[in-house]
Amino acid sequence: MAPRHPEVKVICRDRSSGYAEGARIGAPQAEQVADRYHLWANLGQAVEKTVNGHRSHLAEPPSEPADTPDEPQVVQLPTELKIVTRLREQHAAAHELWQQGMSKAGIGRKLGLHQATVRKLVNAPSADDVVAKSLQRAHVVDPYVGYLHRRWNDGVRNATQLYREIQEQGSPGGELAVQRHLLSAYK
């Protein structure tokens, strides 16, 4: 079968397998490369995932003497994202039921979770591992959050429609990332 676009020499794309397949079908002779944005974005996500995955292994900083003059006021950290709180609760509940001898299918029924989610929770040694992976996926929609919130406030509540709209604007993320963002923002 002849290539559909023999004139194409180079295709710049992100790492999505769907784009790779489309490039192979449409222009198999073309060299596939990642653009600068996706190289940096992927590197940043990989570093963030690694750091978050090892956060629980970091030692507490040494305590300072109480009589330190001009000690700054303690800054209260922002409240935890809803999705992070929910993942921590689900991880704890899944591990508790797993340790009681319940099957993964039983845990899914009891907690109302998909089997793949239960497997992910039970196989993760700590909640931070699950949180790191979920937050990494959620970050791909960050550049489009303002747009998503405007459209939500306009009454568009269909995640598939919102995904299509930001995809047209160049979003590299998938529909699931949009769904996760909307769930964490509006649940």
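## Nonpolar surface patch

Trp40, Leu43, Val47 and Val51 make up a nonpolar patch on the surface, and together they have about 420 Å² of accessible area. Patches consist of residues with over 30% relative accessible area and no salt bridge, like charges being joined within 9 Å and nonpolar side chains (Val, Leu, Ile, Met, Phe, Trp, Tyr) within 5 Å. Accessible areas come from the Shrake-Rupley method with a 1.4 Å probe, and for residues only the protein chains shown count as cover.

Val51 lies in helix 2 (residues 36-54). Val51 counts as partly exposed because its relative accessibility is 46%; buried means under 20% relative accessible area, exposed over 50%, and partly exposed in between (1.4 Å probe, protein chains only). An α-helix has 3.6 residues a turn, so residues three or four places apart point the same way.

## Basis of the model

The model is predicted; local features need pLDDT of at least 70, side-chain atom pairs count only at pLDDT 80 or more, and totals for chains, interfaces and linings use all residues. Residues are numbered from 1 along each chain as its sequence is written, and side-chain values use heavy atoms, with hydrogens and water left out.

## Overall make-up

The protein contains nine helices and two strands, in the order β-α-β-α-α-α-α-α-α-α-α from the N terminus on. Helices (H or I, at least four residues) and strands (E, at least two) are DSSP runs, numbered from the N terminus. Of the 187 residues, 32% count as buried.

## The strand pair

Strand 1 (residues 10-13) and strand 2 (residues 31-34) run parallel and are joined by four bridges; two strands pair if DSSP finds at least two bridges between them. Cys12 stands opposite Val33 of strand 2. The chain passes from strand 1 through helix 1 (residues 17-26) to strand 2 in a right-handed β-α-β crossover. Right-handed means that, with the strands pointing away from the viewer, the path from the first strand over the helix to the second runs clockwise.

The covered face of strand 1 holds Ile11 and Arg13, while Val10 and Cys12 are on the uncovered face.

## Salt bridges

The structure has four salt bridges, each defined as a side-chain nitrogen of Lys or Arg within 4 Å of a carboxyl oxygen of Asp or Glu. One of them pairs Arg88 with Asp128, the closest N and O atoms being 2.9 Å apart. This pair links distant parts of the chain, with Arg88 in helix 3 (residues 82-99) and Asp128 in helix 6 (residues 127-138), 40 residues apart. Arg88 is partly exposed at a relative accessible area of 32%, whereas Asp128 is buried at 18%.

Arg151, Asp154 and Glu165 are linked in a network of salt bridges. The N to O distance is 3.7 Å between Arg151 and Asp154, and the closest N and O atoms of Glu165 and Arg151 are 2.7 Å apart. Here too distant parts of the chain are linked: Glu165 is in helix 8 and Arg151 in helix 7 (residues 145-153), 14 residues apart. Glu165 counts as buried at 11% relative accessibility, Arg151 as partly exposed at 22%, and Asp154 is exposed at 56%.

Gly174 is in the loop between helix 8 (159-168) and helix 9, and counts as partly exposed because its relative accessibility is 32%. Gly174 and Val141 are 33 residues apart in sequence and 8.8 Å apart in space, C-alpha to C-alpha.

The twelve residues of helix 9 (residues 175-186) should span 16 Å at 1.5 Å a residue, in agreement with the 16 Å between its end C-alpha atoms; the expected span is 1.5 Å times one less than the number of residues. Buried residues in helix 9 are Ala177, Val178, Arg180, His181, Leu182 and Ser184.
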